[in-house]
Amino acid sequence: MNTKYIDLVEQTFDFPQEEFKTENHKLFWHGINLMELIEEYGSPLKFTYLPKISENINRAKDWFKNSFEKHDYKGKYFYSYCTKSSHFKHILNEALKNDIHIETSSAFDIDIVKSLKKEGKIKDDTFVICNGFKRDQYVKNIGELIESGHKNCIPIIDNYEELPLIKKETKKKFKVGIRIASEEEPKFEFYTSRLGIGYKNIVSFYEREIADNTQVDLKMLHFFINTGIKDNAYYWNELMKCLNVYINLKKVCPTLDSLNIGGGFPIKNSLAFDYDYQYMIDEITNQIKQACDEAGVDVPNIFTEFGSFTVGESGAAMYKVLYQKKQNDRERWNMINSSFITTLPDSWAINKRFIMLPINKWNTKYERVLLGGLTCDSDDYYNSEQHVNGIYLPVYEKEKPLYIGFFNTGAYQETIGGFGGLQHCLIPTPKHLIIDRDKEGNLDIKVFKEQQKSSELLSILGY
């Protein structure tokens, strides 16, 4: 009778997979022996596997290259990284190895751009696409970047007042984009995104504020769907509305040459994950080309702003199961040595699911459990993943510790969790490793940050 955890996984999913395999009943991820990491560095433990960032960037570039060749698409493709997904220097350094561009969302992002420019990681012709609602400091920093001679800084106009504010900060000629305020999915609490300018108002805004303005060139129309690039009627409908705006705008604006289709590529959140990236890119490319050909206008250059897709699959977190509490006849709570609220805040805030697997004990029997965090908050738990109806893990044994890992956690979690700051119930930020490979393919592991100490937290609190 097949009752071991490895049997459950192999019967339920196609396993092993590209990044996951087991050896001697222990889990390996991208060829990394995870139990060895735990034995050397302890737990809880967070880590970033840098090669996955470059791999995903180049996968996307290849998909667009293939699609452009297939459809004889005459525009260019520009890959931009959405910095808010992870601002860490090691992330930007890795991403920028791959001839990419970046998208910013706030004032201090521009300070990061300036720092990277000093090091030669970003050039004057690197596109810096400035999104978001722009307060005084953000506008000032954008103006300084343009004044410094950065040729491809493109502030994306989010509201009617931003353009005159930017003009006050620079005497140089500069480029802008306009963001479309897309309609939200029917299940949303509101109809239209708070970001951008309404579909019907964009052409008139251009004619009123930009057409006769010799200081400003409109280069980009920016289109972003909050729920991501999905093969459903909602996405295709919004894309076609966006293309209609682009075509109408292009007919009156000769400088317009780029369409930014935003971010939103999904990442693997289950061993059963299935998404045909090449098909989606083919369809997007084909629809843009068909619409432009029928209207008799040149196809635009295509920009994307992939954040989670760039960095999400490079991150992971590992915990030890400290204890099992049997609260009634049905519920077994496996208590981890950290907190979900503080280390994986999206699992608590927006019910986001990650791939969760045991690190060891794959050859033992399994049981259905709930996972609880260390805080005294009733919401500090994780109770479903790829098995949908519950979590199954190797049976808890006090004498033989069980370790579990959450994978593809590299986007947003550290920033939203307040990395290095105060955490709920003063649960410390875990130790964080950066993992790379040298030219021979050997692992290069560095401790980026030790686990927070009590003195750090007390200092923040004023003690």
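1. A residue is called partly exposed when its relative accessible area falls between the buried class, under 20%, and the exposed class, over 50%. Lys-21, with 36% relative accessibility, therefore counts as partly exposed. Its salt-bridge partner is Glu-23, with the two side chains meeting at 3.0 Å, N to O. Glu-23 also counts as partly exposed, at 35%. Please keep in mind throughout that this is a predicted model.

2. Now for the overall layout. The domain assignment divides the chain into domain 1, made of 5–42 + 315–461, and domain 2, covering 51–311. Between the two there is a contact that takes 25 residues from domain 1 and 19 residues from domain 2. Taken over C-alpha atoms, the domain centres are separated by 34 Å.

3. Strand β2, residues 26–29, is joined to β3 by two bridges in the antiparallel sense. Here Trp-29 stands opposite Ile-32 of β3.

4. The hairpin of β20 and β21 is worth a visit too. Strand β20 spans residues 431–437 and strand β21 residues 443–449, and the two pair in the antiparallel sense over six bridges. Arg-437 has Leu-443 in β21 as its bridge partner. Five residues lie between the strands, and Gly-441 in this hairpin takes a positive phi near 90°.

5. Which residues form a nonpolar patch on the surface? They are Leu-422, Leu-426, Leu-458, Ile-460, Leu-461 and Tyr-463, and together they have about 600 Å² of accessible area. Leu-422 sits in the loop between α14 (413–416) and β20. With a relative accessible area of 41%, Leu-422 is partly exposed.

6. I would also look at the surroundings of Asp-282. The side chains of Lys-70 and Asp-282 meet in a salt bridge at 3.3 Å, N to O. This pair links distant parts of the chain: Lys-70 belongs to helix α3 and Asp-282 to helix α10 (residues 277–295), 212 residues apart. Are the two partners buried or exposed? Lys-70 counts as exposed at 59% relative accessibility, whereas Asp-282 counts as buried at 11%.

7. His-71 brings us back to Asp-282. His-71 is placed in the loop between α3 (51–70) and β5 (77–82). Leaving aside neighbours within four places in sequence, His-71 is in contact with Asp-282, Thr-285, Asn-286 and Lys-289. Its relative accessibility is 16%, and the buried class covers values under 20%, so His-71 counts as buried.

8. Finally, more on the charged pairs. How many salt bridges does the structure hold? There are 24 salt bridges. One of them joins the side chains of Asp-257 and Lys-219 at 3.0 Å, N to O. Asp-257 lies in the loop between α9 (233–252) and β11 (258–260) and Lys-219 in strand β10 (residues 216–222), so this pair ties together parts that are 38 residues apart in sequence. Asp-257 counts as partly exposed, at 26% relative accessibility. Elsewhere, salt bridges with shared partners join Lys-52, Glu-55 and Glu-313 into one network.

Notes
Residues are numbered from 1 along each chain as its sequence is written. This is a predicted model: local features need pLDDT of at least 70, side-chain atom pairs count only at pLDDT 80 or more; totals for chains, interfaces and linings use all residues. Side-chain values use heavy atoms; hydrogens and water are left out. Two strands pair if DSSP finds at least two bridges between them. Helices (H or I, at least four residues) and strands (E, at least two) are DSSP runs, numbered from the N terminus. Patches are made of residues with over 30% relative accessible area and no salt bridge: like charges are joined within 9 Å, nonpolar side chains (Val, Leu, Ile, Met, Phe, Trp, Tyr) within 5 Å. Accessible areas come from the Shrake-Rupley method with a 1.4 Å probe; for residues, only the protein chains shown count as cover. A salt bridge is a side-chain nitrogen of Lys or Arg within 4 Å of a carboxyl oxygen of Asp or Glu. Buried means under 20% relative accessible area, exposed over 50%, partly exposed in between (1.4 Å probe, protein chains only). Contact means heavy atoms within 4.5 Å. Domain bounds come from an automatic or database domain assignment.
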